[in-house]
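Dear colleague,

Here is the structure I promised to hand over. My notes follow below it.

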Amino acid sequence: MKAITLAEYGGPENMAWEEVPDPAAGPGEVVIDVVASAVNRADLLQVQGNYPVPPGASQILGLECSGRIAGLGEGVEGWAVGDEVCALLAGGGYAQKVAVPAVQVLPLPENVSLEDAGGLPEVACTVWSNVFQEGALAEGETFLVQGGSSGIGTHAIQVAKAFGARVAATAGQADRLQTCRDLGADIAIDYHDDVPEQLKKATDGHGADVILDNMGAKGLSANLSSLAKDGRLMIIGMQGGVKAELNIGALLAKRGHISAMGLRGRPVDGPHSKAEVVAGVREHVWPLFAQKAVRPIVFERFSMADAADAHRRLDEGGVVGKLLLVNPDA
């Protein structure tokens, strides 16, 4: 098979579409003939050498995929060769085939094409695990997503709205703010403005019960200011750095909760596992696609052989939703 290989850490210029050995399905695993994958910020970090591969995971880039099951490992039940699926991966998605634990595989959601499903598992599992499993966002609460026009943001807006939350989103330009509104955001705030002040104005001083943040250090102070009493700040990224001062007094005054959770390094099964997250997505989020309350947002499609160009495009900024990588031979 062919896959994107990385000659050395650095930039997209080190990526190449080359022949590599086919993966084999181990016990409890399936092999998927990949139709599409998607580019995530974590992939850019991995190319730079700033996102280590978990022990035992594929060195090939790619944290999600869609395709057809091509082989079953020992002990796999509930799946058959030829099933159209998508999957959450610890690596290996930028390839024509990938082996993945069967518990990380999802059926194709209704009203979603096989190709478009290649950009769903990572965002769906990230949002479900952070906003709902850990953040416990409830109907009627206020939810703020930082970077509402991103892949994570466009999905989070739709799902939170479908579950009855009042949704606020930040973005950097008028057209992206309008995209957030079109997807269901009740409040859209330019992140160049004073976000805590604008949010408080829009919520009669309440703030956000749950915040989903991809900036990390840079956004910590403003996010703390934006939290409502008993609010939950869920940090999923470090685009704004890794170190910041925390005003513990302000956190105590709000009875606030801060959580920082990754997805890739979770165990396959057991407590707090990928299997647990995937099962939650299948039960609670997938029906929203059947109801047409949620849909995938695809900004642009690239041949998987041109993954380096897709990385450059994401790094340029301005991407609304996901960039898909399509297997040229699927």
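Cysteine 86 first. This residue is found in strand β5 (residues 84–88); strands are DSSP runs of E, at least two residues, and helices are runs of H or I, at least four, both numbered from the N terminus. At 0% relative accessibility, cysteine 86 counts as buried. The cut-offs: buried is under 20% relative accessible area, exposed is over 50%, and partly exposed lies in between (1.4 Å probe, protein chains only). Leaving out residues up to four places away in sequence, cysteine 86 touches Cys65, Ser66, Gln104, Val105, Leu106, Pro107, Ala117, Pro121 and Trp286. Contact means heavy atoms within 4.5 Å. Glycine 119 is 33 residues from cysteine 86 in sequence, and the two C-alpha atoms are 8.8 Å apart.

Before you go further, a word on the basis. The model is predicted, so local features need pLDDT of at least 70 and side-chain atom pairs count only at pLDDT 80 or more, while totals for chains, interfaces and linings use all residues. Residues are numbered from 1 along each chain as its sequence is written, and side-chain values use heavy atoms, with hydrogens and water left out.

Next, the aromatic rings. Trp286, one of the contacts of cysteine 86, also belongs here. The whole structure holds 4 aromatic pairs. Rings of Phe, Tyr and Trp (its six-membered ring) pair if their centres lie within 6.5 Å; planes under 30 degrees apart are stacked, over 60 edge-to-face, the rest tilted.

Phenylalanine 132 lies in helix α2 (residues 121–134) and phenylalanine 163 in the loop between α3 (151–162) and β9 (166–171), so the pair ties together parts 31 residues apart in sequence. Phenylalanine 132 is buried at 12% relative accessible area. Phenylalanine 163 is partly exposed, at 30%. The centres of the tryptophan 286 and phenylalanine 289 rings are 5.4 Å apart and their planes stand at 80°, so this pair is edge-to-face. Both residues lie in helix α8, 3 residues apart, about one turn of the helix. Tryptophan 286 is buried at 6% relative accessibility. Phenylalanine 289 is buried too, with 1%. Ring pairs also link Trp128, Phe132 and Phe163 into a cluster.

Two backbone points. Most residues other than glycine have a negative phi. Aspartate 204 has a positive one, near 55°. It sits in the loop between α5 (195–202) and β11 (208–213) and is exposed at 76% relative accessibility. Histidine 272 also has a positive phi, of about 60°. Its place is the loop between β13 (257–260) and α8 (274–290), and it is exposed with a relative accessible area of 58%.

Last, the overall picture. The protein has 9 helices and 15 strands. Its radius of gyration is 19 Å, close to the 20 Å that the globule rule gives for 330 residues, so the protein is as compact as a globular protein of that length. That radius is taken over C-alpha atoms, and the rule is 2.2 Å times the number of residues to the power 0.38. The C-alpha atoms fill a box of roughly 55 × 40 × 35 Å along the principal axes. Buried residues make up 55% of the 330. Of the contacts with a separation of 6 or more, 67% join residues 24 or more positions apart.

Best wishes
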